[in-house]
Amino acid sequence: MEERRALEQRIRLWLVVFVVCLVLSGVTAFPLVHEVRWVDGWGLPGFVGDWISQVREGADATDAQYPFLFYGTDWLAFAHLVIAVAFYGVWRDAVRNIWIVEWAMIACAGIIPLAAICIPIRGLPLWWMPVDMAFGVFGVVPLLILRRMIKRLEAMPAAATAPAEPVSGAGAPA
């Protein structure tokens, strides 16, 4: 039973790592304009610096004339937070709720075609494609580890539980 408990703790640690990264990647969508200004202030060289400056100009112009368009990034942030909450099911019962991990793995795989299709349509430079795709690639790593550990947990004998005692006053004989 000690091995089972240790595995459950490792599963929870990996869950925390994944959820923290998911939340951080979401909440950074709220202050998008300020973040782009901040990164542009770094003075990055070459085509990356040029691209960041162009993004800052676009964000500034949009923020000045059409700030409501950034409401879409607010929804993006919210979606990350809602997805993070879904992992509470894995925290409560990893074996029964392994489907949440598998669903998230599918979502990570979906990032690849999304980036491949939308980056050219939106006029982003093609070198940005591996940056966006990296979210799916790096996001699936802790999920694969979680899934493997949950499958090991599932194969272990169940933890022994003491029979529940009836609560007095709830239909149990006194």
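This is a predicted model: local features need pLDDT of at least 70, side-chain atom pairs count only at pLDDT 80 or more; totals for chains, interfaces and linings use all residues.
On the surface, a nonpolar patch is formed by Val16, Val20, Leu24, Val27, Phe30, Tyr88 and Trp91, which together have about 630 Å² of accessible area. Two or more residues of the nonpolar patch are given by each of helix H1 (2-27) and helix H5 (88-92), and the greatest contribution is that of H1, with four residues. Phenylalanine 30, one of the patch residues, is found in the loop between H1 and helix H2 (32-40). The relative accessibility of phenylalanine 30 is 42%, so this residue counts as partly exposed, given that the partly exposed class lies between the limits of 20% for buried and 50% for exposed residues.

Among the aromatic side chains, the count comes to seven pairs. One of these is formed by tyrosine 71 and tryptophan 75, whose arrangement is edge-to-face, with 6.0 Å from centre to centre and 80° between the planes. Because tyrosine 71 and tryptophan 75 are four residues apart in helix H4 (residues 71-86), about one helical turn separates them. Tryptophan 75 has a relative accessible area of 47% and is therefore partly exposed.

The pair of tryptophan 127 and tryptophan 128 is likewise edge-to-face, because the ring planes lie at 80°, while the ring centres are 5.8 Å apart. Tryptophan 127, at 29% relative accessibility, counts as partly exposed, and tryptophan 128, at 24%, is also assigned to the partly exposed class. Through ring pairs, Trp127 and Trp128 are linked with Phe47 into a cluster.

Notes. Residues are numbered from 1 along each chain as its sequence is written. Side-chain values use heavy atoms; hydrogens and water are left out. Patches are made of residues with over 30% relative accessible area and no salt bridge: like charges are joined within 9 Å, nonpolar side chains (Val, Leu, Ile, Met, Phe, Trp, Tyr) within 5 Å. Accessible areas come from the Shrake-Rupley method with a 1.4 Å probe; for residues, only the protein chains shown count as cover. A salt bridge is a side-chain nitrogen of Lys or Arg within 4 Å of a carboxyl oxygen of Asp or Glu. Buried means under 20% relative accessible area, exposed over 50%, partly exposed in between (1.4 Å probe, protein chains only). Rings of Phe, Tyr and Trp (its six-membered ring) pair if their centres lie within 6.5 Å; planes under 30 degrees apart count as stacked, over 60 as edge-to-face and the rest as tilted.
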